[in-house]
Amino acid sequence: MKTTKTVSGLLLACTLTPLTAQADLLRINFTLDWSFQGVHAWYFVAQERGYFEEAGLDVRIDQGEGSAATVSRIMSGAYDAGFGDMNAIIQNAAERPEHTPVMVYQIYNQPPFALLTKADGPIQSVDDIEGSTLGAPAGSASTRLFPAFAEVAGINLDEVEITNVAPNLQEQLLNSGDVDGSLVFNVTSYMNLVAQGHDPEADYRWFPYGDYGVEVYSNGVMVSRSLIEEQPEAVAGLVRAINRAVQDVINEPEIGIEALLAEEGFLNGDAETQRLQFALDNVIISDESQELGIGALDEERLARSIDTIVELYELSSTPTVADVYTAEFLPPLDERLL
């Protein structure tokens with residue numbers, strides 16, 4: 001009888017322990033920049049493999065409405081953290097630095113903004129851009145940053161006609177010949193071309209802004225200032241878990257796609273694998289990220305990019321590097337090397 005009571009007690013304890021552990025986890029509302037895609041694979045790996053839970057976190061991942069919207073979502077208080085654009089942080093920090101989220105883990109080391117042209121079209125090199133007509137969505141980062149690209153590439157903007165186009169028609173208008181080139185977000189446009197049955201490598205030319213000296217950064221993991229101030233250990237745990245999953249996915253991309261498809265089964269696994277690899281090759285892995293490790297950035301370069309954004313967007317003040325980024329929560333370099 002005594003033995004039975006002890007076993008029952010143990011069974012009860014085993015039943016309650018997971019519930020107690022779950023209750024002890026800190027909930028983090030996390031917003032992505034867009035619908036679930038291959039470039040989000042590591043978040044689902046961190047969730048599936050228990051990395052978030054090991055850090056004491058219950059991370060709830062939601063789809064987003066754009067890289068800039070991540071910043072406004074966090075500033076509203078609806079989200080604690082998210083994946084979004086450094087340049088949107090800079091823009092908001094010029095007005096309300098005390099409310100703006102802070103980048104804690106830079107993922108897109110190179111800007112994903114590019115001029116896209118047809119391989120057999122009239123623009124074969126940057127020298128051919130003058131005298132051409134370019135399609136550009138009004139207000140998009142690719143459009144707003146084009147003057148910086150033109151300056152470093154030696155292009156006279158007065159000799160370029162910019163036509164406002166809807167984002168979802170950029171590739172179609174290029175293919176139909178209505179425009180000679182299109183100002184695009186390369187990770188998105190690449191897959192749009194694949195979906196339309198084109199070969200983005202053979203049929204097109206890409207002129208990435210970063211290749212011509214535009215130094216801005218782009219998407220990474222940002223967190224609210226309140227989370228940093230009130231739960232710094234949670235921020236460190238979040239970054240550590242994501243970094244661990246990023247390393248897993250870089251080493252074995254297929255595990256990332258498997259975790260993504262487990263969350264959203266209707267996605268095309270082959271297409272998302274292609275998107276992930278394109279992002280790794282073009283915006284994530286660079287000479288800088290190989291030297292500094294993923295998540296870190298060159299603060300002198302960031303200061304120059306802040307000046308670029310302030311000038312292009314005619315901001316009222318110039319944020320400091322500390323206003324928009326901190327390396328405080330990064331894991332050691334040997335855990336972040338590519």
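Colleague: Which domains does the domain assignment of the protein chain give?

Modeller: Domain 1 (26-110 + 217-335) and domain 2 (113-212). Such bounds come from an automatic or database domain assignment. This is a predicted model: local features need pLDDT of at least 70, side-chain atom pairs count only at pLDDT 80 or more, and totals for chains, interfaces and linings use all residues. Residues are numbered from 1 along each chain as its sequence is written, and side-chain values use heavy atoms, with hydrogens and water left out.

Colleague: How many residues of domain 1 are in contact with domain 2?

Modeller: Contact means heavy atoms within 4.5 Å. By that rule, 15 residues of domain 1 are in contact with 14 residues of domain 2. The domain centres, taken over C-alpha atoms, are separated by 26 Å.

Colleague: On to the sheet. In what order do the 5 strands stand?

Modeller: Strands of a sheet pair through backbone hydrogen bonds, either parallel or antiparallel. Strands here are DSSP runs of E, at least two residues; helices are runs of H or I, at least four residues; both are numbered from the N terminus. Two strands pair if DSSP finds at least two bridges between them. In this structure the order is S2-S1-S3-S10-S4, an open sheet with mixed pairing. Strand S2 (57-62) and strand S4 (102-106) each have a single partner strand, so one side of each is left without a neighbour in the sheet. Neighbouring strands are turned by 30° against each other on average, direction ignored.

Colleague: How many bridges join S4 to strand S10?

Modeller: There are 4, and S4 and S10 (residues 219-223) run antiparallel. Take Met-103: its bridge partner in S10 is Met-222.

Colleague: Which strands does H11 lie across?

Modeller: H11 lies across S1, S2, S3, S4 and S10, at about 30° to S4. Axes are lines fitted to C-alpha atoms, for helices over the stretch in contact, and angles run from 0 to 180 degrees between N-to-C directions. H2 lies across strand S1 (26-31), S2, strand S3 (81-85) and S10, and runs at about 145° to S2.

Colleague: Now the core. Which residues have the most contacts inside the largest nonpolar core?

Modeller: In soluble globular proteins, nonpolar side chains tend to be buried together. A nonpolar core is a set of buried Ala, Val, Leu, Ile, Met, Phe, Trp, Tyr and Cys residues joined through side-chain atoms within 4.5 Å. Buried means under 20% relative accessible area, exposed over 50%, partly exposed in between (1.4 Å probe, protein chains only). The largest core here has 108 residues, and Trp-42, Tyr-43, Ile-129 and Tyr-325 have the most contacts inside it. Helix H11 (residues 232-251) gives the most to this core, with 10 residues. Domain 1 and domain 2 each supply at least three residues.

Colleague: What does Tyr-43 touch?

Modeller: Its contacts include Phe-30, Phe-52, Val-221 and Ile-242, leaving aside residues up to four places away in sequence.

Colleague: Last, charges. How many salt bridges does a search of the whole structure find?

Modeller: Side chains of opposite charge can pair when their charged atoms come close. A salt bridge is a side-chain nitrogen of Lys or Arg within 4 Å of a carboxyl oxygen of Asp or Glu. The search finds 7. One joins Arg-49 and Asp-248 (3.2 Å, N to O).

Colleague: Where do Arg-49 and Asp-248 lie?

Modeller: Arg-49 is in the loop between helix H2 (41-48) and helix H3 (51-54) and Asp-248 is in helix H11, so the pair ties together parts 199 residues apart in sequence. Arg-49 is partly exposed at 38%, while Asp-248 is buried at 16%.
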